[in-house]
Amino acid sequence: PARAADDLSASVMFTLAAVSLGLLPGLRPLTPVVDWQQRAVAHMCDLGGGAQGGDVSFWFRTAAEAAAEQRLRRTRVDADAALDATAPASSVYLVGVGPGDVELLTMKALRLMRSADLVLYDRLISPEVLSLVSADAAMLYVGKEMGLHTRPQEEIHRLLHLYATAGKTVVRLKGGDPTVFGRGGEELEYLEARGVPVQIVPGITAASGIAAALRVPLTHRDYADSVRFVTGHARSDNSAPVAERYQWEVLADPSQTLVVYMGLSTLPQFADGLMSAGLPGTTPAVAVQDGTTSTQRVVDASLGNLAAAVESAGLKSPTLIIIGKVIALLKRGEEAEASTAADAADEARMSTQLIEELTAAAVDGRRITDAAPAEMLSSVEKLLRLMR
């Protein structure tokens, strides 16, 4: 009963909020009914909360309230049908915002975010990106994570349809690209089947953004002639074990780069499946949490050791996994970066030493061309080379 009351309370408050925002112009009850609905919300919020929770007077109405409510019942029509009949549907924009770095937004995504009436956004949308949405837009969180879905996908479909047919500019913000494991295809099919025009605004998918941040190419003529994206997360109605979900012999191609989205929880089984299909356990691999953001964490290891390394590091979702020979370039890049840093430090020390020598010579009153000319000119030449 308490859960039912909570659900009813949430539904009533959501509807009232939509009416007050002007998002449901077909649902504008008379003032007495609004007053009664406000009392209903207040009462439902107090259910189980003391003496007021049992106040039966809530269920009674004045004669004026009862008459207004009865008129509303007799004239109520299906909201979707009424709106469809009176106005053409506005477009719904499925907008990808990239893997996390706010500077990877497209200009089109930014323009739509600043002109939207309603924005439905996911868990992975960063606060920095949300801060760019118009202050006048109504915001609705519809995020999902394992074991906790704020709203079922079917309800998200209905909300998109309802607000679009109310004539509002609706933007559905999605992390990465909306059609790469983002359920954008499902929302597209649902809306177009009901006559709602949909526009897709592509975003930089996590595989591209994170690989670029690591300075690792997804394809390379010497290492990988193809790249494959797969998801490690199955539909909720798919009860098949991980070992039976994939064509392992296809995924275990050593000449391709394999990118696994949402594969953190199934990583041990996934790695076992690849190795059982013949992919060497020594194949380079990397797992990246919060890629392209200030909280990015990187764990690189061989395929056979990656699951244990990720568990030891305590990586959390969202984590992207990249497997393939191209990851060997990550190691080389790190070694080259360390070598460059060491060289720069050596050059800085040499510069300091030479400057000190030249300064000492000047203090001694010696002319560079007189005292030890060959030695001093050699020092000057070295300094000039370092400064180039």
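Two strands are said to pair if DSSP finds at least two bridges between them. Helices (H or I, at least four residues) and strands (E, at least two) are DSSP runs, numbered from the N terminus. The model is predicted: local features need pLDDT of at least 70, side-chain atom pairs count only at pLDDT 80 or more, and totals for chains, interfaces and linings use all residues. Residues are numbered from 1 along each chain as its sequence is written, and side-chain values use heavy atoms, with hydrogens and water left out.

**Stop 1: the parallel sheet**

Select residues 118-121, which are strand E2, and then 138-141, which are strand E3. E2 and E3 pair in the parallel sense over four bridges. Within this pair, Val119 has Met139 in E3 as its bridge partner.

Now show the whole sheet. Its five strands come in the order E3-E2-E6-E1-E7, the pairing is parallel, and the sheet is open. E3 and E7 (198-201) are the edge strands, each pairing on one side only. Neighbouring strands are turned by 20 degrees against each other on average, direction ignored. For such angles, axes are lines fitted to C-alpha atoms, for helices over the stretch in contact, and angles run from 0 to 180 degrees between N-to-C directions.

Contact here means heavy atoms within 4.5 Å.

**Stop 2: the mixed sheet**

Which order do the strands of the sheet with mixed pairing have? The order is E8-E9-E12-E10-E11, in an open sheet of five strands. Its edge strands are E8 (226-231) and E11 (297-302). The twist averages 15 degrees from one strand to the next.

Select helix H9, residues 206-214. H9 packs on the sheet, touching E8, E9, E10, E11 and E12, and its direction makes about 75 degrees with that of E12. Then select helix H12 (303-313), which lies across E10, E11 and E12 and runs at about 150 degrees to E11.

**Stop 3: strand E10**

Colour E10 (284-289). E10 pairs with E11 in the antiparallel sense over six bridges, and with E12, also antiparallel, over five bridges. On the E11 side, Pro284 stands opposite Ser302 and Gln289 opposite Arg297. On the E12 side, the bridge partner of Ala285 is Ile323. Five of the six residues of E10 are buried, so this strand is largely enclosed by the rest of the structure. Buried means under 20% relative accessible area, exposed over 50%, and partly exposed in between (1.4 Å probe, protein chains only).

**Stop 4: the largest core**

A nonpolar core is a set of buried Ala, Val, Leu, Ile, Met, Phe, Trp, Tyr and Cys residues joined through side-chain atoms within 4.5 Å. The largest one has 22 residues, and those with the most contacts inside it are Leu251, Leu258, Phe270, Leu274 and Ile323. Helix H11 (267-276) is among the elements that each supply at least two residues, and H11 gives the most, with four.

Centre the view on Leu274. Leaving aside its neighbours within four places in sequence, Leu274 is in contact with Trp248, Leu251, Ala252, Leu258, Leu279, Leu303 and Ile323. A second, separate core of 19 residues includes Leu214, Val216, Val288 and Ile327.
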